[in-house]
Amino acid sequence: MSLEALKVKSKTPLFNISIILNLLQRFWPVWTAYFVLIVFQLPVNVYNQLETANYLNQSADFFAISSGYETMQLSFIFSIVSVMSVFSHLYSARSCGMVCALPIKRETMFLSCAFTGIMPMLLSDIVVFAVSAVMGVANVKYLLLWLGITVMGNMVFYGMALFCACLTGSIAILPLLYLVLNFTGSVVQNCSKFIFSRFVYGMRSLGGNFLGYLTPIRVLGRHLLVNEDAQGVIKVAGIGYLGVYCAVGIALSLAALLIYKRRNMETAGDIVAVKSLKPIFKYCMTFGTALVLAELVCSMLPPSVFRGTGAAVVIMLLMLLGAAVGWYGAEMLMQKSFYVFKSKFKGLIVSCAVIAAVVTGAEFNLFGFENRIPEPENIKSVNLDYYNIQEPENIERVLQLHKSLILSKKDNEQLKNPNTVIGIHYFMNNGRELVREYSIGGRSDQFDIPGSNMNRYYEIINSPEVIKLRYLPKTPVTEDNISYCEIYENSQYSYNQGNEPPQSLTLTARQAHQLFYDCILPDMEEGLIGREYPGDEGIYNENLTNFRIQIQLHRKIEDENGNPVDTFWDGFFCALDASAKRTIKWLNENTELKVRTLKGPPVDEFATGS
C-alpha cells in the first residue's frame with residue numbers, strides 16, 4: 001500500500017485563531033462594558049442592598065439570585081450588540097466579498113465569529129462569580145444558581161440574535177428584526193385582543209394566551225421569581241421556563257449555522273437575505289401592519305364609538321387599509337424603490353379576504369366563541385372578578401349569570417356608557433381555562449329585581465363564601481394576636497346632631513375576640529355583614545350603618561436565634577351593615593354607641609335579635 005493511501009485527510013478546523021484575535025482586538029470595548037455592568041449588578045449591588053435586606057428580613061443570598069434576572073436584561077441588550085459586531089461583515093458588500101475570498105470554510109467562519117461573540121460574556125460571568133465567591137458576597141450555592149441563570153440567559157438571547165443576523169443583509173434592520181422576534185408574540189396578542197374585544201361580545205381586552213410565551217424577556221420577568229420566607233429559606237420558581245428558552249436559543253443557533261452555510265453573500269445590504277423567506281416577510285408585514293393600524297386608531301377613540309357591528313365594519317376597513325400599507329411597504333423595502341404599485345398583488349387580495357373572513361366570522365359568532373359556556377361538572381373553580389369561587393352552589397349561580405349576560409348582548413352593546421365590568425374566569429378539571437368579560441349598565445334600580453344581571457351579580461359577591469374571601473384575615477384571630485380594635489363612626493356619612501364629635505370606642509383584646517367569634521363571624525356566615533352595594537348613595541344610606549369595625553392583628557417573627565426581626569400585620573376592616581343583627585345587638589347591649597343607618601333612623605330593633 002502506498003504512503004499516499006495511508007495519509008489521513010485533514011479535518012476542517014472548527015475555529016480560526018486569526019479571525020478570533022482580530023475580532024477581539026476590534027470589539028473589546030463591547031465585552032468590557034458588559035463585564036463592568038455585571039460587576040455592578042452582582043457584588044456591588046448586593047452590598048448596597050444589605051441595609052435594605054436587614055430591614056426587610058432578606059439576605060444577601062436573596063439579592064444575589066434576584067440579580068440573575070437583571071443580568072439577563074443585560075444579556076438581552078449585549079447579545080444583539082455583540083452579534084452586530086462580530087458579524088458586521090455580512091452587511092457590507094466589500095467586507096462580505098473579502099471574507100468570501102479567504103481560504104476558510106463557512107462553518108469555520110460562522111463558528112469563529114459566534115464563539116468570539118459569546119465567550120467573553122460567559123467568561124465575564126464566571127470571573128464575576130469567582131470574585132463574588134472569594135469576597136463572600138453570598139453563599140456559593142446561590143452564587144452558582146446566579147451563574148446558571150445568567151449563562152442560560154446569555155444563550156437564550158445570543159441564539160436569537162444569531163438567528164436574526166443570518167436573515168437580513170442590513171445592519172440597520174438587524175436590531176429591529178431582533179426586537180420583532182422578541183416581542184411579536186406580545187404585540188400580536190395585545191393588538192388582536194384589544195381590537196376584537198370591541199365587537200366580539202365577552203372577549204377580554206387584556207390578558208395572555210399562548211402567543212405571550214413568544215416573548216421570553218416578559219415571560220421570565222413574570223415566572224422567574226425568588227422568595228425568601230421568615231426562616232431564611234429561599235425558593236426560586238421559573239427555572240423550567242428558562243431551561244426551555246435556553247434550549248430554543250441553542251436550536252436557533254444551529255438554525256443560524258445552516259442558514260449561514262447556504263446564504264448568498266451577494267445579498268449584503270438586502271432587507272431579507274434568504275430568498276425563500278421573502279414571501280413570509282411580506283405576509284408578516286401585511287398582517288402585522290393591519291393589526292397595529294387598527295389598534296392605534298381604536299385606542300385614540302372612546303369605547304362607546306366602537307361597539308357591536310358598527311365597530312366590526314370600521315375595524316375591518318382599518319385592517320384592510322393596514323394590510324395594503326404593509327404589503328406595499330414590504331415591497332418597497334425589498335426592492336429599494338417606491339415604484340412598486342404595478343407589482344403582483346394577488347397575495348394582497350388573498351390577505352384581505354382572510355381578514356374579512358375572520359372579522360365577519362367573529363362578529364356573527366361563526367366560531368361559537370360568544371355562546372361557549374362550560375358544563376358544571378367540568379369546572380374546578382371560577383373567578384368572578386378577583387374572588388375564587390369553589391362552592392358548587394355559587395358556581396351554578398355564576399353559570400346562570402353568564403347565561404343571562406349572553407342573552408343581554410343586544411342591550412349591553414347599545415349602552416353608551418357601561419359602568420360595570422364583570423369578569424368571569426373558569427378553571428377546568430382538565431387544566432384548561434375559559435375567560436370572559438362583560439361591560440354592562442349597572443343601574444342601581446335593578447339591584448333588587450330578581451333575575452336581572454345586577455341582582456345575580458350582587459347575589460354572588462354577597463354570598464357568605466365570597467364575603468369570607470373578601471374580609472377574613474389570613475392571620476388567626478386570637479387574643480394574643482389582637483393588637484388593637486376600634487369601632488369608629490364614619491364621619492363622611494354620619495348624621496350626628498349639632499356639634500357632637502364622631503363616636504368611637506376601643507375594645508380590649510378579649511372583647512374584640514368575643515365580638516368577632518360570637519357576632520361578626522356568624523353574621524358573615526349568613527351574608528349579613530361585609531356586603532357590597534351598587535354605587536348609589538340611596539342604597540348605601542339604607543343598607544349601611546354609621547360605624548366601621550377595625551381589628552388589627554400582629555404576629556411576631558423570630559430568627560433562628562429567637563430574636564424578633566419583623567412584625568407581620570393583618571386584620572379585619574369592614575363597614576357595619578344594617579343587616580348584621582348579632583353584631584348590632586352586641587353593640588347595643590355592651591356599649592353606648594348609637595347605631596343608625598346612614599339614612600338616619602336608628603337600628604335599635606336588632607337589640608332584640610329580630
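**Strand pairing, cores and salt bridges in a predicted model**

Strands β3 (residues 379-384) and β5 (residues 420-428) run antiparallel and are joined by five bridges; strands here are DSSP runs (E, at least two residues) and helices are DSSP runs of H or I with at least four residues, both numbered from the N terminus. Two strands are taken as paired if DSSP finds at least two bridges between them. The structure is a predicted model, in which local features need pLDDT of at least 70 and side-chain atom pairs count only at pLDDT 80 or more, while totals for chains, interfaces and linings use all residues. Residues are numbered from 1 along each chain as its sequence is written, and side-chain values use heavy atoms, with hydrogens and water left out.

One of the contacts in this sheet pairs Ile 379 with Met 428 of β5 as its bridge partner. Strand β3 is also joined to strand β4 (residues 387-389), again antiparallel, by three bridges, and here Val 382 has Ile 389 as its bridge partner. Five of the six residues of β3 are buried, where buried means under 20% relative accessible area, exposed over 50%, and partly exposed in between (1.4 Å probe, protein chains only). A hairpin is formed by β3 and β4, with two residues between them. For context, most residues other than glycine have a negative phi.

For the protein as a whole, 19 helices and 10 strands are found, and 45% of the 610 residues count as buried. The accessible surface comes to about 31500 Å², with 60% belonging to carbon and sulfur atoms; areas come from the Shrake-Rupley method with a 1.4 Å probe, and for residues only the protein chains shown count as cover. Among contacts (heavy atoms within 4.5 Å) with a separation of 6 or more, 73% join residues 24 or more positions apart.

The interior can be described through nonpolar cores, each a set of buried Ala, Val, Leu, Ile, Met, Phe, Trp, Tyr and Cys residues joined through side-chain atoms within 4.5 Å. The largest has 68 residues, and those with the most contacts inside it are Phe 87, Phe 110, Leu 162, Tyr 178 and Tyr 260. Elements giving two or more residues to this core include α3 (60-86), α7 (173-196) and α9 (239-262), while α6 gives the most, with 14 residues. Beyond its neighbours up to four places away in sequence, Tyr 178 touches Phe 76, Ser 79, Ile 80, Phe 157, Met 160, Ala 161 and Cys 164. A second, separate core of 31 residues includes Leu 384, Leu 405, Phe 447 and Val 466.

On the surface, Phe 35, Val 36, Phe 40, Tyr 47, Val 127, Val 131 and Met 135 form a nonpolar patch with about 600 Å² of accessible area together. Patches are made of residues with over 30% relative accessible area and no salt bridge, like charges being joined within 9 Å and nonpolar side chains (Val, Leu, Ile, Met, Phe, Trp, Tyr) within 5 Å. The largest share of the patch, four residues, comes from α2. Within α2, Tyr 47 is partly exposed at 38% relative accessible area, and, leaving aside neighbours within four places in sequence, Tyr 47 is in contact with Met 135, Gly 136 and Val 137.

Eight salt bridges are counted, each being a side-chain nitrogen of Lys or Arg within 4 Å of a carboxyl oxygen of Asp or Glu. Lys 282 and Glu 331 form one of them, with the closest N and O atoms 2.3 Å apart. Lys 282 lies in helix α10 (residues 278-299) and Glu 331 in helix α11 (residues 308-335), so this pair ties together parts 49 residues apart in sequence. Both partners are buried, Lys 282 at 14% relative accessible area and Glu 331 at 6%. Another salt bridge joins Asp 523 and Arg 582 (3.0 Å, N to O), linking helix α17 to helix α19 (residues 581-590) across 59 residues. Asp 523 is buried at 0% relative accessible area, whereas Arg 582 is partly exposed at 26%. Through shared partners, salt bridges join Asp 523, Glu 526 and Arg 582 into one network.
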